[in-house]
Amino acid sequence: TEHFERWKRNCGILRIQVPATAAELTEITSELCRRNGFRSDVYVRPLAYKSSARIGIAPDENDSFSITALPFGQYFGGRGIKAGVTSWRRVDDNAIPGRAKICGAYVNSVLAGDEARRNGHDEAIFLTDDGHVAEGASCNLFMVRDGKLITPPVTDNILEGITRASVMELAAYELGLEVVQRSIDRSELYVCDEVFFTGTAVEVVPVIQIDHRPVGTGKVGSITNSFSALYHDATHGRLTRYEHWMTPVGQAVLAQAV
Ligand code: PMP
């Protein structure tokens, strides 16, 4: 439901009005999962769009949406990954707002991710136009320095990640860690103790190397390990305190063949 709430809010940036409430969208998604009878993790992708069949770039008044669900495994294969700062800059809020998941803006992520992989990394790290760390191509970034959890502020051209918010909640309630939202310099990534990415698809993934330099000891750090385990437990119904993060889908009702 939090995803649909963010989605509807951010659709306003493009003047798209999704013709359903967040609660209705959540129920449609549950129904979609029930009818598909999934027996694995699933990635759900809602897409809102302007729907008139006419040529032109002015947004029209017709809005529509689709929701797709696909079985999904681990995005990065469940290990510590290598990241590299990309030469592509993160799209600026005054060009295409990164806080909304605007499809066109993902060309920026594709360019960065492709460059990173060709350079031997698993994921790209974007800098803002003024040279501060923004986020990964498909995920938010956290750094541990001197026992504090530090993440770029929402004004550094990041997507306001729901997993980011979940990790900040876990930091406060489960680990008693101070969380600081402030701009991060590139070279801080080279001298910090731990780095990890967060996202719905990537979950909590440790970064053990950045720009061919080991992060901290070069092994997965203990704070990152704690977040991975807590997040996994919370999102798989093993921590009752976070039950409100989840929506039970119910029994599979496979569509009848006609
Ligand atoms: N940043 C970008 C650019 C993303 O595409 C994503 C994942 N959709 C995230 C961050 C993480 O956001 P969330 O935790 O809401 O999935």
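These entries record what I looked up in a predicted model.

**Conventions.** I worked from a predicted model in which local features need pLDDT of at least 70 and side-chain atom pairs count only at pLDDT 80 or more, while totals for chains, interfaces and linings use all residues. I numbered residues from 1 along each chain as its sequence is written, and side-chain values use heavy atoms, with hydrogens and water left out.

**Helix α1.** I began with α1, residues 2–11, where Phe4, Arg6, Trp7, Asn10 and Cys11 are buried. These residues lie on the same side of α1, because they cover an arc of only 160° around the axis. The arc is taken from the directions from the helix axis to the C-beta atoms. Helices (H or I, at least four residues) and strands (E, at least two) are DSSP runs, numbered from the N terminus. Buried means under 20% relative accessible area, exposed over 50%, and partly exposed in between (1.4 Å probe, protein chains only). I noted that the cover over the buried residues of α1 includes α2 (22–36), β1 (42–50), β2 (63–71) and α4 (162–173).

I then looked up Asn10, which has 15% relative accessibility and therefore counts as buried. Beyond its neighbours within four places in sequence, Asn10 is in contact (heavy atoms within 4.5 Å) with Arg99 and Ala100.

**Nonpolar cores.** A nonpolar core is a set of buried Ala, Val, Leu, Ile, Met, Phe, Trp, Tyr and Cys residues joined through side-chain atoms within 4.5 Å. The largest has 21 residues, of which Ile125, Leu141, Leu189, Val195, Phe197, Val207 and Ile210 touch the most other members. I found that β3 (81–89), β4 (123–127), β6 (140–145), β9 (194–199) and β10 (203–210) each give two or more residues to this core. Apart from it lies another core, of 17 residues, including Val144, Leu170, Ala171 and Phe196.

I listed the contacts of Leu141 without residues up to four places away in sequence; among them are Ile125, Val133, Glu135, Ile184 and Phe196.

**Helix α3.** I placed both Val107 and Gly113 in this helix, which spans residues 106–118. Val107 is exposed, at 51% relative accessible area, whereas Gly113 is buried, at 2%.
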